Amino acid sequence: MRLLVLYFSGTGNTAYVADYLARRLAPAPVQIEIRSTEQQSASDLGDFDVLATGFPVYGCDSPSYFQSYVTHLPPGEGRGAFAFGTKGAFAGGAIAQNLRRLAARGYVPLGGGSVMMPGTDGLAFVGKESWMARQALDKDYDHLADADRVAGQMAGVLSGLAAGEPAEAYRQPLPRSRVGNSLDRVWAFLYNLLAERYAVSRFWADERCNGCGLCVRLCPTGNVELRDGHPHFGDQCMPCMRCIHLCPRAAIQIGGFTVDKFRWHGPRGDFRPLRLRKAREVTS
Ligand SMILES: Cc1cc2nc3c(=O)[nH]c(=O)nc-3n(C[C@H](O)[C@H](O)[C@H](O)COP(=O)(O)O)c2cc1C
């Protein structure tokens with residue numbers, strides 16, 4: 001039986017958790033393949049029996065980029081699917097929402113869960129020696145209790161499926177709590193207001209930028225271009241924060257709030273997205 005783990009990761013947390021889950025699931029009777037949505041077209045996934053989709057939680061949901069990706073998945077045709085997310089604080093109904101989207105594509109929702117990781121939105125605004133930065137660096141990333149719980153639930157289901165039970169036997173009921181949904185919507189509304197109206201329009205590169213173009217190649221939505229050797233940011237930002245955290249000179253800022261603040265390079269300090277775009281130079 002083949003499990004395909006398909007994830008998007010802006011700044012390394014979800015990539016790390018995808019890998020962590022796969023290691024925890026290794027004793028299960030399944031063949032596991034992990035792919036990033038940036039290296040894999042949604043409509044051409046090849047053979048798989050069960051899907052596990054992973055994403056960073058943005059505003060109590062998955063990033064809009066990821067939601068759009070899911071709508072292009074091949075029809076589930078009764079195959080099972082898990083959803084897992086990584087969060088900095090509160091995932092709300094993010095997992096249920098994504099299981100619902102998978103169910104709408106014909107997948108049987110099998111469960112999943114969210115895993116607490118450093119909040120890569122807030123980290124760019126805190127001091128390098130701050131409590132939050134130290135917490136992020138000091139955490140024991142070899143033992144993630146949330147991820148162990150998710151892996152345990154997945155392992156139980158996968159063993160049953162491998163023994164020949166139908167995915168329907170493991171269908172997870174999706175909660176329909178109105179209170180929960182309203183709280184999510186308020187949180188998401190405020191977050192998106194902050195992200196779209198405030199943060200996204202204030203991305204810029206300071207004098208440390210040497211025009212290397214890495215931000216152009218890193219951006220998952222192709223939102224950055226070099227003009228006369230200087231990055232310019234368009235209106236397709238998620239914002240995944242990748243360019244901010246991975247700029248080798250920490251030159252990319254949101255207004256003045258992130259100057260000389262902490263930068264996150266993933267739990268092992270070595271995150272590099274799998275697909276790097278070619279630099280595109282536009283001269284004005
Ligand atoms: C734009 C944005 C929105 C976020 N919204 C939430 C949120 O609603 N709840 C939460 O707990 N964490 C939130 N976070 C934190 C991320 O979910 C968390 O840091 C995640 O692990 C990042 O994963 P990645 O490194 O794979 O991109 C947000 C981060 C960003 C950049």
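**Close-up 1. Strands β4 and β5 side by side.** In this predicted model, strand β4 (residues 80–87) and strand β5 (residues 108–116) pair in the parallel sense over 8 bridges, where helices (H or I, at least four residues) and strands (E, at least two) are DSSP runs numbered from the N terminus, and two strands count as paired if DSSP finds at least two bridges between them. Within this pairing, T86 stands opposite V115 in β5, and F82 has G111 of β5 as its bridge partner. Residues are numbered from 1 along each chain as its sequence is written. As the model is predicted, local features need pLDDT of at least 70 and side-chain atom pairs count only at pLDDT 80 or more, while totals for chains, interfaces and linings use all residues.

Close-up 2. Strand β3 (residues 50–56) pairs with β4 in the parallel sense over 7 bridges, and P56 stands opposite T86 in β4. Together with helix α2 (residues 64–71), these strands β3 and β4 make a right-handed β-α-β unit. The loop between β3 and α2 holds C60, which has a positive phi of about 60 degrees although it is not a glycine. C60 is buried, with 23 other C-beta atoms within 10 Å; a residue is called buried if 20 or more other C-beta atoms lie within 10 Å of its own, exposed if 12 or fewer, and partly exposed in between, with C-beta atoms placed from the backbone.

**Close-up 3. The two faces of strand β4.** In a regular strand the side chains alternate between the two faces of the sheet. In β4, G80, F82, F84 and T86 point one way while A81, A83, G85 and K87 point the other way, and all of them are buried. Because 8 of the 8 residues of β4 are buried, the strand is largely enclosed by the rest of the structure. K87 lies in strand β4 and counts as buried with 20 C-beta neighbours inside 10 Å. The C-alpha atoms of K87 and A136, which are 49 residues apart along the chain, are separated by 13 Å.

**Close-up 4. The shell around the ligand.** Of the 27 residues around the ligand, G10, N13, T14, P56 and K87 come nearest, a residue being counted as near if its C-beta atom, placed from the backbone, lies within 6 Å of the molecule. The elements that give two or more residues to this shell are α1 (13–25), β4 and α6 (178–199). By class, the shell has 14 nonpolar, 11 polar and 2 charged residues, where Ala, Val, Leu, Ile, Met, Phe, Trp, Tyr, Cys and Pro count as nonpolar, Asp, Glu, Lys and Arg as charged, and the others, Gly among them, as polar. Domain 1 (2–183) and domain 2 (201–282) both give residues to the shell, so the ligand lies between them; the domain bounds come from an automatic or database domain assignment.

**Close-up 5. The largest nonpolar core.** The largest nonpolar core has 75 residues, of which V17, L21, A81, C215, C243 and C247 touch the most other members; such a core is a set of buried Ala, Val, Leu, Ile, Met, Phe, Trp, Tyr and Cys residues joined through C-beta atoms within 7 Å. Helix α5 (residues 145–162) gives the most to this core, with 7 residues. Because domain 1 (2–183) and domain 2 (201–282) both give residues to this core, it lies between them.

Close-up 6. P239 lies in the loop between β8 (230–233) and α8 (242–246), and the peptide bond from M238 to P239 is cis, with omega near 0 degrees. M241 is found in the loop between β8 and α8, and its phi is near 75 degrees, a positive value in a residue other than glycine. With 25 C-beta neighbours inside 10 Å, M241 counts as buried. R208, in the loop between β6 (203–205) and α7 (214–218), is partly exposed, with 13 other C-beta atoms within 10 Å.

Terms used:
Right-handed = clockwise from strand over helix to strand, strands pointing away.
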